[in-house]
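Subject: Structure handover

Hello,

Here is the structure I promised to pass on. Please open it first, then read my notes below.

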Amino acid sequence: MREHHDVVIVGGGPAGLAAAVATKDAGVEDVVVLERDAKLGGILNQCIHNGFGLHTFNEELTGPEYALRYVDQVAERGITCLLNTMVVDISGDRVVTAVNPDRGVFTMDAGAVVLAMGCRERPRGALNIPGFRPAGIYTAGTAQRLVNIEGQMPGRNVVILGSGDIGLIMARRMTLEGAKVHCVAELMPYSGGLKRNIVQCLDDFGIPLLLSHTVTCIEGKRRVEAVWVSEVDERMQPIPGTEIRYPCDTLLLSVGLLPENELSRGAGVTLSPITRGPIVDDSLQTNVQGVFACGNVLHVHDLVDYVSQEAATAGACAAQFVREGCAPAGRTVAVEASGGVRYTVPSCVDPNRMAAKQVVRFRVGDVYRDRYVSVYVDDVRVSHRKKRVMAPGEMEEVVLKRSDLEARPQASRVLVTLEEV
């Protein structure tokens, strides 16, 4: 027999836990969190470095400490959490199919579903690197788990490809554990990580960051013996004669994160070709009624504090959907990106339903200096704010005022763009 729950949350990481707390606080008692791991907290459990919680708790915490704050809040509210539970399917009518060792395969009818599955790392198979497939090639996240959770060192002589935040953090972590990190090579002419991580994890330890460089060859059949790093031109093609050979036993890959959206796709959720996550409105609801998305399954964040804020919105809106049902169709205003802005979340808003001050998050596609971030409602500019520096590795945001849309009842779009000073 199927069981029914008001809100089913898929994922017990920082997004799922924050969504569960917000749903319960909004008055919905029947909340269930489904988590495939043996404990709550998600990826934060292996992020033992500090820097979390400055926005949410006004103090600096490690990843496990940050997760524990929400685990405790979930426990205090008596929220049901099913661990070791893998969700295998979500239907368009919100039927969740899952499996765990105790119950086998079971199904749940959900009044609302919150997608909070997080993201995964792009593997070597997605890269065009010549050479054999020897031991010693790891994603940065796998290496992080080996060192911080399993107590195992992946290697002692390391080259890192990609300058995402996990790769930068692992450059420092491996160095602190006694490994030699020869360099971090980045294909793009800019880093994909936060500026503070470049300073604290590379500069402070004398680890070179090679921009516009990539790995072009891996030596070794049984184990990595060396990698070749070459400079690339503006077309991202290796420049002959620039090769440098680094003898090493380990290559860590930090070459991007992809939202875990196989379940979303199966439910009929429309995905963005840019973020690879769902397209959502101002309530973080997808095109499938009653299915909401938040956190890194929606778009990859730079700070977990923003994940928690976003998840709290999704949880509160899921609770409202359960209480009130589907709201009557209102006026939908598209939120579009241009002029260097790659995407926006949300992708549309309803002026009759949105918050008085709606946060719109976005990322830029290049490094920009001295630009205005401007917001237009149709052809009328309603916001104009100068930014000294913007980079793809750091998320940006603007605040869209409901009053600006109410004052223009015929408006059909909002445009977020960059303009030169």
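Which arginine lies over the face of phenylalanine 106? It is arginine 103, at 4.0 Å from the ring centre. Please keep in mind that this is a predicted model.

Phenylalanine 57 also has an arginine over its face. There, arginine 69 sits at 5.0 Å from the ring centre.

Now the aromatic pairs. The structure holds four of them. In one, the rings of phenylalanine 57 and tyrosine 66 have their centres 5.4 Å apart. Their planes stand at 70°, so this pair is edge-to-face. The cut-off for that label is over 60 degrees. Phe57 and Tyr66 also belong to one aromatic cluster with Tyr70. Tyrosine 66 counts as buried, because its relative accessibility is 0%.

Another pair joins phenylalanine 292 and phenylalanine 321. The ring centres are 6.1 Å apart and the planes are at 75°, so this pair is edge-to-face. Where do the two residues lie? Phenylalanine 292 is in strand β19 (residues 291-293), and phenylalanine 321 is in helix α7 (residues 304-324). The pair therefore ties together parts that are 29 residues apart in sequence. Phenylalanine 292 is buried, at 2% relative accessibility. Phenylalanine 321 is buried too, with a relative accessible area of 12%.

Next, the cores. In soluble globular proteins, nonpolar side chains tend to be buried together. The largest nonpolar core here has 63 residues. Which of them touch the most other members? They are Ile9, Leu34, Ile90 and Val114. Helix α7 gives the most to this core, with eight residues.

Take a look at leucine 34. Leaving aside its neighbours within four places in sequence, leucine 34 is in contact with residues including Val8, Ile9, Val10, Leu82, Val87, Val96 and Met108. Gly11, Gly12, Thr85 and Ala98 are also among its contacts.

A second core is separate and has 20 residues. Among them are Val333, Val364, Val373 and Met390.

Last, a helix pair. Helix α3 (residues 140-150) packs with helix α4 (residues 165-176) at an angle of about 35°. Their axes are 9 Å apart. Is the crossing of α3 and α4 left-handed or right-handed? The crossing is left-handed. On the α3 side, Ala140, Gly141, Ala143, Gln144, Val147 and Asn148 make the contact. On the α4 side, the contact is made by Ile166, Gly167, Ile169, Met170, Arg173 and Met174.

Best wishes

How values were computed: Residues numbered from 1 in each chain as written. Predicted model: local features only at pLDDT ≥ 70, side-chain atom pairs only at ≥ 80, totals over all residues. Heavy atoms only, no water. Phe/Tyr/Trp six-rings, centres within 6.5 Å; stacked < 30°, edge-to-face > 60°. Buried < 20%, exposed > 50% of the residue type's maximum accessible area, 1.4 Å probe, protein only. Helix = DSSP H or I, 4+ residues; strand = E, 2+ residues; numbered from the N terminus. Lys NZ or Arg CZ within 6 Å of the ring centre and 35° of its normal. Core = buried A, V, L, I, M, F, W, Y, C linked by side-chain atoms within 4.5 Å. Contact = heavy atoms within 4.5 Å. Axes fitted to C-alpha atoms, helices over the stretch in contact; angles between N-to-C directions. Left-handed = near helix turned anticlockwise from the far one by under 90°.
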